[in-house]
Amino acid sequence: MPKPKKNRFVEEPPSVFFFKPQGIPLFRLVQVVLGIDEYEVIRLVDYEGMQQKEAAEKMKISRATCARILESAHKKIAQAITKGQAIKIEGGSVVLGRNRYRCRNCDTFWGSAGDEETTLETCPKCKSDRVVDLGREVGAYPTRMERMKRGRGPHRHRERE
Ligand SMILES: [Zn+2]
């Protein structure tokens, strides 16, 4: 399925990407998928209290697009909490400013700047390799996309894993 080349700018992937109502088995739940761009607008406008104009500039989108994404995000969240559905944050045509990682062992978060190696697979704190690549979990591959956009050559290793 071809995706529109919008490349909305998102600072970093969310800390968690799945919300589930308690006491209902996963297989019986309907999942609402919230795009990473929808998550980012919610974060900037509703959480940070930014004006839509400001949020739109930050995400490199028009004011109208920002309003549309926000409305769609509100509808999805309203539907999920009203009907008792799960929310999964995933997808959307975005470029991440940086990736983030979480250690499953000690719950440390850390990030990488856009141009750095994205596969930091060892926890800086406990040295565990049980690391969650949050960008990958939500379906965004920031630096690789940026690299392709800028026409750089293939990365030295782990281009596809
Ligand atoms: Zn750790």
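Because the model is predicted, local features are taken at pLDDT of at least 70 and side-chain atom pairs only at pLDDT 80 or more, while totals for chains, interfaces and linings use all residues. Residues are numbered from 1 along each chain as its sequence is written, and side-chain values use heavy atoms, with hydrogens and water left out.

Trainee: At roughly what angle do the axes of helix α1 and helix α3 cross?

Mentor: Two packed helices are described by the angle between their axes and the distance between the axes. Helices here are DSSP runs of H or I with at least four residues, strands are runs of E with at least two, and both are numbered from the N terminus; axes are lines fitted to C-alpha atoms, for helices over the stretch in contact, with angles from 0 to 180 degrees between N-to-C directions. Angles under 35 degrees count as roughly parallel, over 145 as roughly antiparallel, 65 to 115 as roughly perpendicular and the rest as oblique, and α1 and α3 are therefore roughly perpendicular to each other. The axes of α1 (residues 36-47) and α3 (residues 63-83) come within 9 Å, and they cross at roughly 100°.

Trainee: How many of the residues in the contact of α1 with α3 are nonpolar?

Mentor: Taking contact as heavy atoms within 4.5 Å, Asp37, Glu38, Val41, Ile42, Val45 and Asp46 in α1 meet Cys66, Ile69, Leu70, Ser72, Ala73, His74, Lys76 and Ile77 in α3. Ala, Val, Leu, Ile, Met, Phe, Trp, Tyr, Cys and Pro count as nonpolar, Asp, Glu, Lys and Arg as charged, and the others, Gly among them, as polar. On that division the contact holds 4 charged and 2 polar residues, and the nonpolar ones number 8.

Trainee: Which are the edge strands of the open sheet of 3 strands?

Mentor: Two strands pair if DSSP finds at least two bridges between them, and the order of this sheet, with mixed pairing, is β2-β4-β3. β2 and β4 pair in the antiparallel sense over 2 bridges, with Phe19 standing opposite Ile87 in β4. The strands that pair on one side only, and so form the edges by definition, are β2 (18-19) and β3 (31-34).

Trainee: At about what angle does α3 run to β3?

Mentor: α1 packs on the sheet by touching β3 and β4, and its direction makes about 75° with that of β3. α3 also lies across β3 and β4, but its angle to β3 is about 160°.

Trainee: Is Gln85 buried or exposed?

Mentor: Gln85 lies in the loop between α3 and β4 (86-89), and beyond four places in sequence it touches Pro21, Leu29, Val30, Val32, Gln79 and Ala80. Buried means under 20% relative accessible area, exposed over 50% and partly exposed in between, using a 1.4 Å probe and protein chains only. With a relative accessible area of 12%, Gln85 is buried.

Trainee: Which residue has a side chain joined to that of Arg102 by a polar contact of 3.2 Å?

Mentor: Arg102 is found in strand β6 (residues 98-103) and counts as buried at 19% relative accessibility. A polar contact is a pair of N or O atoms within 3.5 Å; within protein, one must be able to donate a hydrogen and the other to accept it, and residues adjacent in sequence count only if both atoms are side-chain atoms. The partner of Arg102 in the contact of 3.2 Å is Asp107.
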